[in-house]
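Hello,

Here is the structure I promised to pass on to you. Have a look at it first, and then read on for what turned up in it.

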Amino acid sequence: LAIKFDNVGNEFEKEHGGWGLGLSVSRNLIERMDGTLHIDNCAEGGCRVAFSIPIRTHAIAPMQVALKTFAPQTKLNKNVLVAEDNPIKRHLMQTLLEELGCRVTLAKDGVEAVELAGAGGFDAILMDITMPQLDGVAATEIIQGLPAPVSDVPIVACTANVDERSQARYRRAGMAGFLPKPVRADDIARMLSQVTQESARAQAI
């Protein structure tokens, strides 16, 4: 169970998600701390995972942490659709975008993203890639096939999978760019400014 593995294909990834690295990474980290990972079968099914590491206690002086907040220099004033199946990440994206002065609409999967995008009124779409029912690439292809001006809205991939092969796949689907996860407010601001300006120039031609 603690051996690293990849999903067998795109269909499996769409349904289950992830890359199977959790226990492998955990074991490596624990062993680096001279610890041991324990995996036991449970009578009622499944398994129990635990670990043990040697700990030395030290007196720690009180420490003050200065929190850095993001203060955008200019407000973007954009209508943005966010497609993200993870509720925590959806909330984070909404918070970051609202700090940038954007009006945010949320979709919990690719199907809902297509429905909302079809209604129009968006300046940009931030699209998660691995989602249930309909993944981000398939949703993008459907949106790109809708009549203008919906098909003209720039779509940006938000994903941890940003290797060259994945980037080529996003471009073939018609995506205007990508944001690597975990996303940062300044990266979102730069990307939205870039893709919306490029889209406006293209439509003006």
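A residue is called buried here when its relative accessible area is under 20%, and exposed when that value is over 50%, with partly exposed in between. Please keep in mind that this is a predicted model.

Residues 155–159 make up S6, and 5 of its 5 residues are buried, so the strand is largely enclosed by the rest of the structure. The cover is on both faces: Ile155, Ala157 and Thr159 are buried on one side, and Val156 and Cys158 are buried on the other. For the whole protein, 33% of the 205 residues count as buried.

Now to the overall layout. The protein has 7 helices and 7 strands. Read from the N terminus, their order is α-α-β-β-β-α-β-α-β-α-β-α-β-α. Of the contacts between residues at least 6 apart in sequence, 54% join residues that are at least 24 apart. The accessible surface amounts to about 13200 Å², and carbon and sulfur atoms account for 54% of it.

Which strands make up the open sheet, and in what order? There are 5 of them, arranged S4-S3-S5-S6-S7, with parallel pairing. Strand S4 (103–107) and strand S7 (177–180) are at the edges and have a single partner strand each, so one side of each has no neighbour in the sheet. On average, neighbouring strands are turned by 20 degrees against each other, direction ignored.

Strand S3 (residues 79–83) pairs with S4 in the parallel sense, over 5 bridges, and Val82 has Leu106 of S4 as its bridge partner. Helix H3 (residues 87–99) packs on this sheet, where it touches S3, S4, S5 and S6, and its direction makes about 165 degrees with that of S4. Strand S5 (residues 124–128) is joined to S6 by 4 bridges, also in the parallel sense. There, Met127 has Ala157 of S6 as its bridge partner, and Ala157 is one of the buried residues of S6 named above.

Helix H5 is the next element to look at. H5 lies across S5 and S6 and runs at about 150 degrees to S5. How is H5 placed against helix H6? H5 (residues 136–144) and H6 (residues 164–173) pack at an angle of about 25 degrees, and their axes are 9 Å apart. Angles under 35 degrees count as roughly parallel, so H5 is roughly parallel to H6. On the H5 side, the contact is made by Val137, Thr140, Glu141 and Gln144, while Arg169, Tyr170 and Ala173 contribute from H6. Sorted by class, this contact has 3 nonpolar, 2 polar and 2 charged residues.

Strands S1 and S2 form a hairpin, with 5 residues between them. S1 covers residues 36–41 and S2 covers residues 47–52, and they pair in the antiparallel sense over 6 bridges. Asn41 stands opposite Cys47 in S2. In the turn, Gly45 has a positive phi of about 115 degrees.

Finally, a few backbone details. Most residues other than glycine have a negative phi, and most peptide bonds are trans.

- Asp34 has a positive phi, near 60 degrees. This residue is in the loop between helix H2 (22–32) and S1, and its relative accessibility of 65% makes Asp34 count as exposed.
- Asn77 has a positive phi as well, near 55 degrees. Asn77 is in the loop between S2 and S3, and with 49% relative accessibility it counts as partly exposed.
- The peptide bond from Ala148 to Pro149 is cis, and its omega is near 10 degrees. Pro149 belongs to the loop between H5 and S6.
- A cis peptide bond is also found from Lys181 to Pro182, with omega near -5 degrees. Pro182 sits in the loop between S7 and helix H7 (185–204).

Happy exploring, and best wishes

Note on methods:
Residues are numbered from 1 along each chain as its sequence is written. This is a predicted model: local features need pLDDT of at least 70, side-chain atom pairs count only at pLDDT 80 or more; totals for chains, interfaces and linings use all residues. Side-chain values use heavy atoms; hydrogens and water are left out. Axes are lines fitted to C-alpha atoms, for helices over the stretch in contact, and angles run from 0 to 180 degrees between N-to-C directions. Helices (H or I, at least four residues) and strands (E, at least two) are DSSP runs, numbered from the N terminus. Angles under 35 degrees count as roughly parallel, over 145 as roughly antiparallel, 65 to 115 as roughly perpendicular and the rest as oblique. Contact means heavy atoms within 4.5 Å. Ala, Val, Leu, Ile, Met, Phe, Trp, Tyr, Cys and Pro count as nonpolar, Asp, Glu, Lys and Arg as charged, and the others, Gly among them, as polar. Buried means under 20% relative accessible area, exposed over 50%, partly exposed in between (1.4 Å probe, protein chains only). Accessible areas come from the Shrake-Rupley method with a 1.4 Å probe; for residues, only the protein chains shown count as cover. Two strands pair if DSSP finds at least two bridges between them.
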